[in-house]
Amino acid sequence: MAPEEDTGTELLLQSFERRFLAARALRSFPWQSLEAKLRDSSDSELLRNILQKHEAVHTEPLDELYEALAETLMAEESPHGHRSYLLPSEGSVTLSESTAIISHGTTGLVTWDAALYLAEWAIENPAAFTDRTVLELGSGAGLTGLAICKMCRPRAYIFSDCHSRVLEQLRGNVLLNGLSLEADITANLDSPRVTVAQLDWDVTTVCQLSAFQPDVVIAADVLYCPEAIVSLVGVLRRLAACREHQRAPEVYVAFTVRNPETCQLFTTELGRAGIRWEAEPRHDQKLFPYEEHLEMAILNLTL
């Protein structure tokens, strides 16, 4: 096989592997690319690697593929499951997540695409987090923060959310990934100090936010309605007031551009609050499986 064919096959295998481990929807798998590869190649190892078959079969490769596909489609889904996201270090972030978009009255029990996009950006820009205290607003399942903790070596990391079920899942996911919570006296000193904090944007005070003393503040996929946008900007204003005589924290907000009006409302509210912003350039990392056609953005805010 020519070197360029080897590279194409390896990328195809990686695409299947990443989507499989992250339990992505079956329709998101590159089935058409696989079918084209199988028709053009006599390399049966490709199919065996993807389907992980251990017994010899006598059917045509495409028949075997479609049979496996049908079996998967007929299987019943559990309301909860584990998903793994591979890191460049050959490690991974493994999360307990809901399989439903809305569960227990919240959307915070699943990983959203902008969290994956922000994690990729962080891995490409580790200096923004190394040896610094990071506060994440609306941490959800915890993917971005866990990737930063494993890849960017922050001094301390504060996950936060307001929903009790999300906080419970966050604590479990932190422990699942071999990190210790701050109260754990057996914590590894080489790992960041990790805290899971309950933070309600509508009621938290400047005094409460001052206790975190963050150098960096991040948030991903939290611009889902006008009320959330107003609450988020309110928190950012209070964070700016926390450090009157010190440098304000750097702030990065990542989101999927689903509705231009929502994005416009966010930038308008930032302007009213006197918060300047600029868009970060699109990054080159493509480590995690999300829909490539989606428009993503990361805004760097100056408080």
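Reply: A helix pair and its surroundings

The axes of helix H9 (residues 226-242) and helix H10 (residues 260-272) come within 10 Å and cross at roughly 30°. H9 is therefore roughly parallel to H10, a label for angles under 35 degrees; over 145 is roughly antiparallel, 65 to 115 roughly perpendicular, and the rest oblique. Axes here are lines fitted to C-alpha atoms, for helices over the stretch in contact, with angles from 0 to 180 degrees between N-to-C directions. Helices (H or I, at least four residues) and strands (E, at least two) are DSSP runs numbered from the N terminus.

The model is predicted, so local features need pLDDT of at least 70 and side-chain atom pairs count only at pLDDT 80 or more, while totals for chains, interfaces and linings use all residues. Residues are numbered from 1 along each chain as its sequence is written, and side-chain values use heavy atoms, with hydrogens and water left out.

H9 and H10 cross in the right-handed sense, in which the near helix is turned clockwise from the far one by less than a right angle (left-handed if anticlockwise). On the H9 side the contact (heavy atoms within 4.5 Å) is made by Pro226, Ile229, Val230, Leu232, Val233 and Leu236, and on the H10 side by Thr262, Leu265, Phe266, Glu269 and Leu270. By type, the residues of this contact are 9 nonpolar, 1 polar and 1 charged. Nonpolar covers Ala, Val, Leu, Ile, Met, Phe, Trp, Tyr, Cys and Pro; charged covers Asp, Glu, Lys and Arg; the others, Gly among them, are polar.

What is the span of H9, given its 17 residues? The end C-alpha atoms of H9 are 25 Å apart, which agrees with the 24 Å that 17 residues should span at 1.5 Å a residue; the expected span is 1.5 Å times one less than the number of residues.

The buried residues of H9 are Ala228, Ile229, Ser231, Leu232, Val233, Gly234, Val235, Leu236, Leu239 and Cys242. (Buried means under 20% relative accessible area, exposed over 50% and partly exposed in between, with a 1.4 Å probe and protein chains only.) H10 is part of what covers them, and the cover also includes strand S3 (133-137), helix H8 (206-210), strand S6 (216-220), strand S7 (250-256) and strand S9 (296-302).

Asp221 sits in the loop between S6 and H9 and counts as buried because its relative accessibility is 13%. Its phi is near 55°, a positive value in a residue other than glycine. Most residues other than glycine have a negative phi. Ala211 belongs to the loop between H8 and S6 and is exposed, at a relative accessible area of 66%. From Ala211 to Cys242 the C-alpha distance is 9.0 Å, across 31 residues of sequence.

Val257 is in the loop between S7 and H10 and counts as partly exposed, because its relative accessibility is 21%. Leaving out residues up to four places away in sequence, Val257 touches Cys263, Glu295 and Ala297. Val257 and Met296 lie 39 residues apart in sequence, with 5.9 Å from C-alpha to C-alpha.

Helix H5 (residues 113-124) and helix H6 (residues 143-151) have axes that come within 8 Å and cross at roughly 15°, which makes H5 roughly parallel to H6. The crossing of H5 with H6 is right-handed. Ala115, Leu116, Leu118, Ala119, Ala122 and Ile123 of H5 meet Leu143, Thr144, Ala147, Ile148 and Met151 of H6; by type these are 10 nonpolar, 1 polar and no charged. H5 is mostly covered, with 11 of its 12 residues buried, among them Asp113, Glu120 and Trp121. In the loop between H6 and strand S4 (156-161) lies Arg153, exposed at 58% relative accessibility.

For the chain as a whole, there are 10 helices and 9 strands, and buried residues make up 46% of the 303 residues. Of the contacts between residues at least 6 apart in sequence, 69% join residues at least 24 apart.
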